[in-house]
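Subject: Structure for you to look at

Hello,

Here is the structure I said I would pass on. My notes follow it; please read them with the coordinates open.

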Amino acid sequence: MTRTSAKSSLQQQIDENLKRVFEESLHQDVPDRFTDLLAQLRAKERANQDKEAQK
Amino acid sequence: MTAPRDPRDELPEHLPALRAFGISLTRNATEADDLVQETIVKAWSNFDRFQAGTDLRAWLFTILRNTFYSDRRKKRREVADPDGLHAQTLFDKPHHDGRLAMTDFIRAFDQLSPEHREVLMLVGANGYSCEQVSEMMGVAVGTVKSRTNRARARLAQLLHLEEGEGLLDAQTAATMAVMTRSGVQAA
């Protein structure tokens, strides 16, 4: 077993925990409002493109 | 090399990470969601400025963190969670795997400044290089490096872990499967 220095081992543990903190939030469901928002933005964009095309 | 995809199509894939980054800055899911919403709208109207083929997630993170800091300046509102309520509500699962106890870790993380949480999330958790983060934050690489070091040191201090102190290395930790939380604190 190769031992890293105490400092980098501490850093490694901290980073592992930081990853876990991040992943804990990452695995939460993304609220539907974002899917709705993206759909609205797309629809708006399409409407604008149509308007441009009619000019 | 495949042709770069339309960032509009790619955006939904980055929402969980964007939201997680938002939560790490605000420590509050509701505020994070508002932040993500603002980020999506801003990104959408600025996609012509996005360089195809570059890291879309980093670009979105940049918009989110800039929005966070400018909102914060506007509101001048305290968003900290000194009692660690967030930790209690979101992270109540016990971790008996010999590594740092998660609830203690979260509580310490919550006490950091958003600036410290930011660099730790970008460098420590997401593995961005200090160079990448310096571009995202619009500061010098040296600033990112020193801020990351200070943030790690502060976290270690809050966890009562001195740098250079003989702590369990990851492999040892993994083998010590049933170490209790009090045992870790005593280490």
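Of the 187 residues in chain B, 35% are buried. This is a predicted model, and everything below should be read with that in mind. In chain A, which has 55 residues, buried residues come to 16%.

Secondary structure first. Chain B has 10 helices and zero strands, so its pattern along the sequence is a plain run, α-α-α-α-α-α-α-α-α-α. Chain A has two helices and, again, zero strands. As for contacts in chain B, taking those between residues at least 6 apart in sequence, 62% join residues at least 24 apart.

Domains and core

Chain B is divided into two parts, domain 1 (8-78) and domain 2 (86-187). Where they meet, nine residues of domain 1 are in contact with nine residues of domain 2. On the domain 1 side, the elements that supply two or more residues are α1 and α3 of chain B. α3(B) gives the most to that side, with four residues.

The largest nonpolar core has 45 residues, and the members that touch the most others are B:L64, B:V133 and B:L155. Two or more residues each come from α1 (6-26) of chain A and, in chain B, from α1 (7-26), α2 (29-45), α3 (56-75), α5 (102-111), α6 (114-125), α7 (130-137) and α8 (141-158). Because domain 1 and domain 2 of chain B both contribute residues, the core lies between them. In general, nonpolar side chains in soluble globular proteins tend to be buried together.

Helix α1 of chain B

α1(B) is bent: the angle is about 50 degrees at B:H14, and a proline, B:P16, follows within four residues. The buried residues in α1(B) are B:L11, B:H14, B:L18, B:R19, B:A20, B:F21, B:G22, B:I23, B:S24, B:L25 and B:T26.

B:P7 is also found in α1 of chain B. B:P7 is partly exposed, because 18 other C-beta atoms lie within 10 Å and a residue needs 20 or more to count as buried. Not counting residues up to four places away in sequence, B:P7 touches B:F47, B:F50 and B:L56. B:P7 and B:G53 are 46 residues apart in sequence, while their C-alpha atoms are 9.3 Å apart in space.

After α1(B) comes B:R27, in the loop between α1 and α2 of chain B. The phi of B:R27 is positive, near 60 degrees, in a residue other than glycine. B:R27 counts as buried because it has 24 C-beta neighbours inside 10 Å.

Packing of α1(B) against α6(B)

Two packed helices are described by the angle between their axes and the distance between the axes. For α1(B) and α6(B), the angle is about 150 degrees and the axes are 8 Å apart. The crossing is right-handed. The residues that meet are B:F21, B:S24 and B:L25 on α1(B), and B:P114, B:R117, B:E118 and B:M121 on α6(B).

α6(B) is largely enclosed by the rest of the structure, because nine of its 12 residues are buried. These are B:R117, B:E118, B:V119, B:L120, B:M121, B:L122, B:V123, B:G124 and B:A125. B:R117, B:E118 and B:M121 were also named above, among the residues that meet α1(B). α6(B) is followed by B:G127, which has a positive phi, near 70 degrees.

Chain A

One residue of chain A is worth a note. A:H27 lies in the loop between α1 and α2 (32-54) of chain A. A:H27 counts as exposed because it has 9 C-beta neighbours inside 10 Å, and the cut-off for exposed is 12 or fewer. Between A:H27 and A:D50, 23 residues apart along the chain, the C-alpha separation is 38 Å.

Regards

Note on methods. Residues numbered from 1 in each chain as written. Chains lettered and ligands numbered in written order. Predicted model: local features only at pLDDT ≥ 70, side-chain atom pairs only at ≥ 80, totals over all residues. Core = buried A, V, L, I, M, F, W, Y, C linked by C-beta atoms within 7 Å. Domains from an automatic or database assignment. Contact = placed C-beta atoms within 7 Å. Bend = angle between axes of the 7 residues up to and from the residue. Axes fitted to C-alpha atoms, helices over the stretch in contact; angles between N-to-C directions. Left-handed = near helix turned anticlockwise from the far one by under 90°.
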